[in-house]
Amino acid sequence: MRKAAKWLEENIEEFLLVIALAAMTIIMGIQVFSRYVLGMSLSWSEELTRYIFIWAGFLSVSYCTKRCISIKIEQFVAAFPRRGKAMFKVVNHTVELILFTYLLPYAWVYFYTAVKSGQTSPALGLPMYVVQAAPLVGFALTAFRVLQRWISEFRVVIRKEKETKCQQ
């Protein structure tokens, strides 16, 4: 059980993003085949692909946070010494954590409004709260990943660790 939990903690974003990319590729491939070879179009394929893309977009924010992928910030921080980098990143992650914590209640209201409305998508009949849960899940997961990065960088600032994964 611990091994599975550790794997999920380390790989959940990559796993979900790979599934999303594969699903979008397969669905659109089937759509192209149906349209140009069979001469009939699938009414649901583009809608489903759009919804998967929305989910992938929100999950990718968490993935980039976890992997320390932010080109502009990383290039600026590279000029600082090790502890200076960590200190700058603690400040940066504090701002990010405040932002995503601030966005969470709004994402919840957005999601809950969709649940209450009972609206469904036109082609699939999919409840729209499934799509509108993406910001809530994405922001919560990103806040969690930012908190992980914050703790890791703070440990470098107070000299409990020599460097973080992002500094290696």
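Tyr 129 is partly exposed in this predicted model, at 34% relative accessibility, where buried stands for under 20% relative accessible area, exposed for over 50% and partly exposed for what lies in between, computed with a 1.4 Å probe on protein chains only. The model is read with local features needing pLDDT of at least 70 and side-chain atom pairs counting only at pLDDT 80 or more, while totals for chains, interfaces and linings use all residues. Residues are numbered from 1 along each chain as its sequence is written, and side-chain values use heavy atoms, with hydrogens and water left out.

The structure holds nine aromatic pairs, a pair being two rings of Phe, Tyr or Trp (its six-membered ring) with centres within 6.5 Å, called stacked when the planes are under 30 degrees apart, edge-to-face when over 60 and tilted for the rest. One of them joins Phe 100 and Phe 139 in a tilted arrangement, with 5.8 Å from centre to centre and 50° between the planes. Because Phe 100 lies in helix H4 (residues 82-117) and Phe 139 in helix H6 (residues 134-157), this pair ties together parts that are 39 residues apart in sequence; helices here are DSSP runs of H or I with at least four residues, numbered from the N terminus. Phe 100 counts as buried at 10% relative accessibility, and Phe 139 is buried with a relative accessible area of 16%.

Tyr 129 itself pairs with Phe 111: the ring centres are 6.2 Å apart and the planes stand at 85°, so the pair is edge-to-face. Since Phe 111 belongs to helix H4 and Tyr 129 to helix H5 (residues 128-132), the pair ties together parts that are 18 residues apart in sequence. Phe 111 counts as buried, at 16% relative accessibility. Both residues belong to one aromatic cluster, formed by Trp 108, Phe 111, Tyr 112 and Tyr 129.

Leaving aside residues up to four places away in sequence, Glu 13 touches Leu 59, Ser 62, Tyr 63, Lys 66, Leu 141 and Arg 145, contact meaning heavy atoms within 4.5 Å.

Finally, the structure holds zero disulfides, a disulfide being a pair of cysteine sulfur atoms within 2.5 Å. Cys 64 is in no disulfide, and the nearest cysteine sulfur, that of Cys 68, is 10 Å away.

Note on methods. Helices (H or I, at least four residues) and strands (E, at least two) are DSSP runs, numbered from the N terminus.
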